[in-house]
Amino acid sequence: MTGGSRGVGASVARILAERGADVVINYHSKSSRALEVANTIRSIGRRALVAQADMTSESDMKKMIKLVEEKFARLDLLILNASGEPVLREGLPPQVSGEPGGRIGKR
């Protein structure tokens with residue numbers, strides 16, 4: 001969940017966790033809010049990963065994708081909620097299709 005540390009992003013992250021999802025909470029600069037959301041998700045028994053990244057930075061995106069792959073092995077759903085122009089059309093690692101239903105990692 002990009003922009004998952006507050007507002008709509010935080011609410012959707014919580015709802016996904018309540019429905020059984022493990023969630024990655026992306027934030028740009030306010031780690032305390034992202035950690036608060038992650039703690040809420042963990043308190044209901046789901047895994048939460050906090051990942052700092054600027055969605056307009058290709059290098060930040062690649063680092064975050066690598067972190068997700070290392071910690072969760074795959075990404076089933078990506079919700080682009082952060083403001084700014086995400087760098088997703090170019091520079092994706094080869095294991096990410098960029099198409100609906102594309103996955104990171106092995107199923």
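I started with Asp-60, which is buried yet has no salt bridge. Its nearest side chain of opposite charge is Lys-63, 4.7 Å away. I noted the terms at once. Buried means under 20% relative accessible area, exposed means over 50%, and partly exposed lies in between (1.4 Å probe, protein chains only). A salt bridge needs a side-chain nitrogen of Lys or Arg within 4 Å of a carboxyl oxygen of Asp or Glu. For charge, Lys and Arg count as positive and Asp and Glu as negative, while His and the chain ends are not counted.

I also noted the ground rules. The model is predicted, so local features need pLDDT of at least 70 and side-chain atom pairs count only at pLDDT 80 or more, while totals for chains, interfaces and linings use all residues. Residues are numbered from 1 along each chain as its sequence is written, and side-chain values use heavy atoms, with hydrogens and water left out.

**Entry: around Asp-60**

I looked up what Asp-60 touches. Leaving aside residues up to four places away in sequence, Asp-60 touches Gln-52, Ala-53 and Asp-54. Contact here means heavy atoms within 4.5 Å. Asp-60 lies in helix α3, so I went there next, with helices (H or I, at least four residues) and strands (E, at least two) taken as DSSP runs numbered from the N terminus.

**Entry: helix α3**

I checked the length of α3. This helix has 15 residues and reaches 21 Å from its first C-alpha to its last, close to the 21 Å expected at 1.5 Å a residue. The expected span is 1.5 Å times one less than the number of residues.

Which residues of α3 are buried? I found Asp-60, Met-61, Met-64, Ile-65, Val-68 and Phe-72. They cover an arc of only 135 degrees around the axis, which puts them on the same side of α3. The arc is that of the directions from the helix axis to the C-beta atoms. On the other side of α3, I found Lys-63, Lys-66 and Glu-70 exposed.

I then looked just past the helix. Ala-73 follows α3 and lies in the loop between α3 and β3 (74–75). Its phi is near 70 degrees, a positive value in a residue other than glycine. Most residues other than glycine have a negative phi. Ala-73 is partly exposed, at 42% relative accessible area.

**Entry: salt bridges**

I counted 4 salt bridges in the structure. Side chains of opposite charge can pair when their charged atoms come close.

Asp-22 pairs with Arg-47, with the closest N and O atoms 3.1 Å apart. This pair links distant parts of the chain. Asp-22 sits in the loop between α1 and β1, and Arg-47 in the loop between α2 and β2 (48–52), 25 residues apart. Asp-22 is partly exposed at 28%. Arg-47 is partly exposed too, at 43%. I also found Asp-22, Arg-46 and Arg-47 linked in a network of salt bridges.

Glu-58 pairs with Lys-62, the closest N and O atoms being 3.2 Å apart. Both are in α3 (residues 58–72), and being 4 residues apart they are separated by about one helical turn. Glu-58 is partly exposed at 36%, and Lys-62 at 39%.

Asp-76 and Arg-74 meet in a salt bridge at 2.8 Å, N to O. I read 44% for Asp-76, partly exposed, and 32% for Arg-74, also partly exposed.

**Entry: the cores**

How many residues make up the largest nonpolar core? I found 12, among them Met-1, Ala-10, Val-23, Ile-25, Tyr-27, Val-37 and Ile-41. A nonpolar core is a set of buried Ala, Val, Leu, Ile, Met, Phe, Trp, Tyr and Cys residues joined through side-chain atoms within 4.5 Å. At least two residues of this core come from each of α1 (7–18), β1 (23–27) and α2 (31–43). The largest share, 4 residues, comes from α2. A second, separate core of 10 residues includes Val-24, Leu-49, Ala-51 and Ala-53. In soluble globular proteins, nonpolar side chains tend to be buried together.

I picked Val-23 for its contacts. Not counting residues up to four places away in sequence, Val-23 touches Ala-13, Leu-16, Ala-17, Ile-41, Arg-47, Ala-48, Leu-49 and Phe-72.

**Last entry: Gly-20**

I found Gly-20 in the loop between α1 and β1. Gly-20 is partly exposed at 37%.
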